[in-house]
Amino acid sequence: LETAVAREAGAGGIALARAYADWNAIGLEDYRREVERSRVETVQVFSVSKAEKNAADIVLVVDCLRAATDLEHLEVFVIVSADGDFVPLVRRLHELNKFVVGATLANHPVNNVLEQEVDHYVPLKFMQAPPAGALQPVFSAEQPAKKAVAKKATKVQTKADGTYIL
């Protein structure tokens, strides 16, 4: 995703990365840990009604528009969702002269209007991440590795789409 944004929009690094949900919901514990390991800030969303999904969407939109107006140096916004409810947000970001990238899992159906409205769309591929205990450090040229350790270490590469190669 980061590579596609840099290529298509000429963007540098990621300034803000947030994921919105009721992270206390049953079944999200492991997912939350994975999101946080990916250096994405988890934003806890509480709902005062039963429309919990819309509560997260509303907080996302408000935060996005606040960032677009308060942090004028931000030029590219990435919305990871297939939900057509975000079309008005994309249009408003365009009015603010922002470049908008849409992304979702490759096998997930995307709202046609949303896909057409964004400046660029990125289908994401997902592979189950290996358990944390299976990850071994990858040594760079800057850190000379001991030969014995380097031979035994499992090399892990992170692809641009966030998947791992063992």
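Student: Which residue is the bridge partner of Tyr20 in β2?

Tutor: This is a predicted model, and in it Tyr20 is bridged to Val43.

Student: What makes β1 and β2 a pair?

Tutor: Pairing requires at least two bridges. Strand β1 (residues 18–21) and strand β2 (residues 41–44) are joined by four bridges, so they count as paired. The two strands run parallel.

Student: What makes β3 and β5 edge strands?

Tutor: Three strands form an open sheet with parallel pairing, in the order β3-β4-β5. Both β3 (76–80) and β5 (120–124) pair on one side only, and they are the edge strands. From one strand to the next, the twist averages 20°.

Student: How do you know that β4 pairs with β5?

Tutor: Five bridges join β4 (residues 99–105) to β5, and the cut-off is at least two, so the strands pair. Thr104, for example, stands opposite Pro123 in β5.

Student: Why is Asp83 called buried?

Tutor: Its relative accessible area is 17%. Buried means under 20%, so Asp83 qualifies. Asp83 lies in the loop between β3 and α4.

Student: What makes the approach of Asp83 to Asp85 a polar contact?

Tutor: The Asp83 side chain reaches the backbone nitrogen of Asp85 at 2.8 Å.

Technical notes. Residues numbered from 1 in each chain as written. Predicted model: local features only at pLDDT ≥ 70, side-chain atom pairs only at ≥ 80, totals over all residues. Heavy atoms only, no water. Axes fitted to C-alpha atoms, helices over the stretch in contact; angles between N-to-C directions. Buried < 20%, exposed > 50% of the residue type's maximum accessible area, 1.4 Å probe, protein only. Polar contact = N/O pair within 3.5 Å; in protein donor to acceptor, adjacent residues only side chain to side chain.
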